[in-house]
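The sequence and the structure come first.

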Amino acid sequence: MISQGIILILVLGLAPLGTGMIIDNMLGPRQRSLGMSYIAGFLTLLAVFQLIAVPIVFWDAWGFGRLVKLFTAISAILAGLGIVVSMHHWRKGNNIWHPVLRLKVRSRAEQVEWLLVVVLIGFQMIMAVLCASFDGDDAYYVVQSVMTDETDTLYRILPYTGLSTSLDYRHSMAVFPIWIAYIARVTGIHAAIISHTILPLVLIPVTYWIYLEVGKKLFREKEEQLPGYMILVCALQIFGNVSIYPAATFFLMRTWQGKSVLANVVFPSIFMALLWIFEEEGEKQNSGTGLWVLLFMINIVAAMMSTASVFLNVLLLGVMAVVLAIRRKDWGILLRVGITCIPCMAYGLLYLLL
């Protein structure tokens, strides 16, 4: 049990944080924080997994063991490289130890509001675990993770029947269930427990961390309103189960599914990155290589989550890029945003060809 917990901390905690330090050192000073490092590293490792996993899925039906070894090695290298780069900057006199959130609490009322935010997020995490419910999609996605971990096969067994099948191209490029199987393999925890118990404890805080980064840009001149914004977001998520379709329903009741991660992590991440770019471009500053690298990684992660992402992501980014280009009178933004959309367009083309 203790060893499993240590491995979970390494895989879902320290590895993303170390990897994120690579992106962090490419960001501008105002964008850096430990929170941003973790978010960037978490998304980057998901993107790397997608890039490694899809070719193996196509060409090696029994390649899960090889995938586990390869991704573990690359994760360790990236995390180590991030730490080394950050220490190098520190030795040169650059400050790499940033505040976790870069927030200023000005009054007792704000302290109470932030405490309420923490309580509400903690409440959602606890209820997501204690009241986890079976969903019909679990019959495919969770079972796919379980079978991958137990048989080493990649989309060659039909979850509904347990019989062998040809490669399922519709799902084979959205490898989030395979990533869950990877976590199960390296920790020794059953994939169903990873899905229903462990992932909500990771994805819910990550989602709110991204919303917080968005809020810091929206309320950058009225930061005292930020805790009220976070309370509103919590309320919308808690009481958003008006039907089976809203993102809030997926967020708390299907947290472990790719479509939930797409709606609640990937899309807000796009807004977070573009809000930074929007501000930096408006101030005629260098928006930072890290922001464009992060946006590129987000597009890869989108393709990892759902087939629908290959056009939804491009559509969302296209609309926002046009608005940004018109506002800033810089049509080069369209080219830069278009380059970040290449992963989704490439995976979309593969879907059409296959």
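In which hand of crossing does helix 12 pass helix 13? The crossing is right-handed.

## Basis

This is a predicted model, in which local features need pLDDT of at least 70, side-chain atom pairs count only at pLDDT 80 or more, and totals for chains, interfaces and linings use all residues. Residues are numbered from 1 along each chain as its sequence is written, and side-chain values use heavy atoms, with hydrogens and water left out.

Helices here are DSSP runs of H or I with at least four residues, numbered from the N terminus. Axes are lines fitted to C-alpha atoms over the stretch in contact, and angles run from 0 to 180 degrees between N-to-C directions. A crossing is right-handed if the near helix is turned clockwise from the far one by less than a right angle, and left-handed if anticlockwise.

From helix 12, L295, I298, N299, A302 and A303 meet S309, N313 and L317 of helix 13, contact meaning heavy atoms within 4.5 Å. The residues of this contact comprise five nonpolar, three polar and no charged. Nonpolar covers Ala, Val, Leu, Ile, Met, Phe, Trp, Tyr, Cys and Pro; charged covers Asp, Glu, Lys and Arg; the others, Gly among them, are polar.

## Helices 5 and 7

Helix 5 (residues 141-151) and helix 7 (residues 176-187) pack at about 45 degrees with their axes 8 Å apart. The two are therefore oblique to each other. Their crossing is right-handed. Helix 5 contributes Y141, Q144, S145, T148 and D149 to the contact, and helix 7 contributes P177, I178, I180, A181, A184 and R185. These residues divide into six nonpolar, three polar and two charged.

S145 lies in helix 5 and counts as buried because its relative accessibility is 0%; the cut-off for buried is under 20% relative accessible area, with a 1.4 Å probe and protein chains only. Beyond its neighbours within four places in sequence, S145 contacts P177, I180, A181 and A191. Just after helix 5, D152 has a positive phi of about 70 degrees.

## Nonpolar core

A nonpolar core is a set of buried Ala, Val, Leu, Ile, Met, Phe, Trp, Tyr and Cys residues joined through side-chain atoms within 4.5 Å. The largest one has 104 residues, of which F49, V175, W179, I194, V266 and M305 touch the most other members. Helix 2 (residues 34-59) gives the most to this core, with 16 residues.

Not counting residues up to four places away in sequence, W179 touches L12, F42, L46, F49, L199 and M304.

Conventions. Buried means under 20% relative accessible area, exposed over 50%, partly exposed in between (1.4 Å probe, protein chains only). Angles under 35 degrees count as roughly parallel, over 145 as roughly antiparallel, 65 to 115 as roughly perpendicular and the rest as oblique.
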